[in-house]
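Subject: Structure handover, with notes on charged side chains

Hello,

I am passing this structure on to you. Please look through it first; my notes come after it.

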Amino acid sequence: MRKACALTLNSAQSQCTVKLRDAIDETIDYLKDQLLSDSRISSDPSLRSMFLLNNSNFVAQLLGIELTTECEKYKDFYLHFSWAHVLSYIQNWNSPGLLRRWVHTSPLAKFKSAFHKMYQTQKFWKVPDPQLRDALRRAIIERVISRYRDYLKEHPELAEQVSRGSNSPEVLEEMLGELFEG
């Protein structure tokens with residue numbers, strides 16, 4: 001349809017070109033609606049967002065355009081639904097010592113557990129487009145690992161312990177670099 005539209009641009013058949021463009025726009029709108037409908041099959045909002053992001057990105061590539069605001073919106077949804085709860089364990093944890101003793105599991109332990117659970121869940125998810133895959137990885141690293149490093153700076157007593165183990169920021173960043181290969 002796009003090739004036919006391009007061919008009619010060079011001819012005097014401008015009315016035909018307009019109708020063809022309208023048909024293309026209607027087809028794209030139909031496909032977007034169908035994607036939204038199909039995404040509702042999954043009850044997991046992270047997976048739903050990833051489905052919409054992958055497919056919206058595919059449509060954008062077919063049309064030869066950059067990532068649309070729609071794709072950015074789905075990427076933000078994905079980041080929120082997947083990683084916000086992981087970060088919630090280490091955000092603004094400045095409670096008094098007595099309350100900390102009352103809560104049996106440390107924020108760091110909860111963060112590590114949630115991180116590994118999310119990583120295991122998404123380890124084999126597929127993002128076919130290498131540029132999108134790289135952009136997602138960078139966005140997760142920027143959001144999660146940078147906040148984790150900040151948390152460790154705020155808690156130097158934990159930083160030394162973590163730096164020697166399998167939960168150092170560098171190791172977690174390396175793990176995130178493996179996501180979305182399928």
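This is a predicted model: local features need pLDDT of at least 70, side-chain atom pairs count only at pLDDT 80 or more; totals for chains, interfaces and linings use all residues.

Residues are numbered from 1 along each chain as its sequence is written, and side-chain values use heavy atoms, with hydrogens and water left out.

Salt bridges

Side chains of opposite charge can pair when their charged atoms come close. A salt bridge here is a side-chain nitrogen of Lys or Arg within 4 Å of a carboxyl oxygen of Asp or Glu. Searching the whole structure gives eight of them.

One of these joins Glu70 to Lys32, with an N to O distance of 3.9 Å. This pair links distant parts of the chain, since Glu70 is in helix H4 (residues 69–88) and Lys32 in helix H2, 38 residues apart. (Helices are DSSP runs of H or I, at least four residues, numbered from the N terminus.) Glu70 is partly exposed at 23% relative accessibility, and Lys32 is partly exposed at 34%. The term partly exposed covers what lies between buried (under 20% relative accessible area) and exposed (over 50%), with a 1.4 Å probe and protein chains only.

Another salt bridge, at 3.6 Å from N to O, pairs Glu72 with Lys75. Both residues sit in helix H4, three residues apart, or about one turn of the helix. Glu72 is partly exposed at 32% relative accessibility, whereas Lys75 is buried at 15%.

Arg149 and Glu173 also form a salt bridge, their closest N and O atoms being 3.4 Å apart. Distant parts of the chain are linked here too: Arg149 belongs to helix H7 (residues 130–154) and Glu173 to helix H9 (residues 169–176), 24 residues apart. Arg149 is partly exposed at 29% relative accessibility, and Glu173 is partly exposed at 29%.

Finally, a network of salt bridges links Arg133, Arg137 and Glu181.

Surface patch

Where is negative charge gathered on the surface? Asp22, Asp25, Glu26, Asp29 and Asp33 form a patch there. (Such patches take residues with over 30% relative accessible area and no salt bridge, like charges being joined within 9 Å; Asp and Glu count as negative.) Asp29 lies in helix H2 (residues 14–39) and is partly exposed, with a relative accessible area of 44%.

Regards

Notes: Patches are made of residues with over 30% relative accessible area and no salt bridge: like charges are joined within 9 Å, nonpolar side chains (Val, Leu, Ile, Met, Phe, Trp, Tyr) within 5 Å. Accessible areas come from the Shrake-Rupley method with a 1.4 Å probe; for residues, only the protein chains shown count as cover. The place of a charge is taken as NZ of Lys, CZ of Arg, CG of Asp or CD of Glu. Helices (H or I, at least four residues) and strands (E, at least two) are DSSP runs, numbered from the N terminus.
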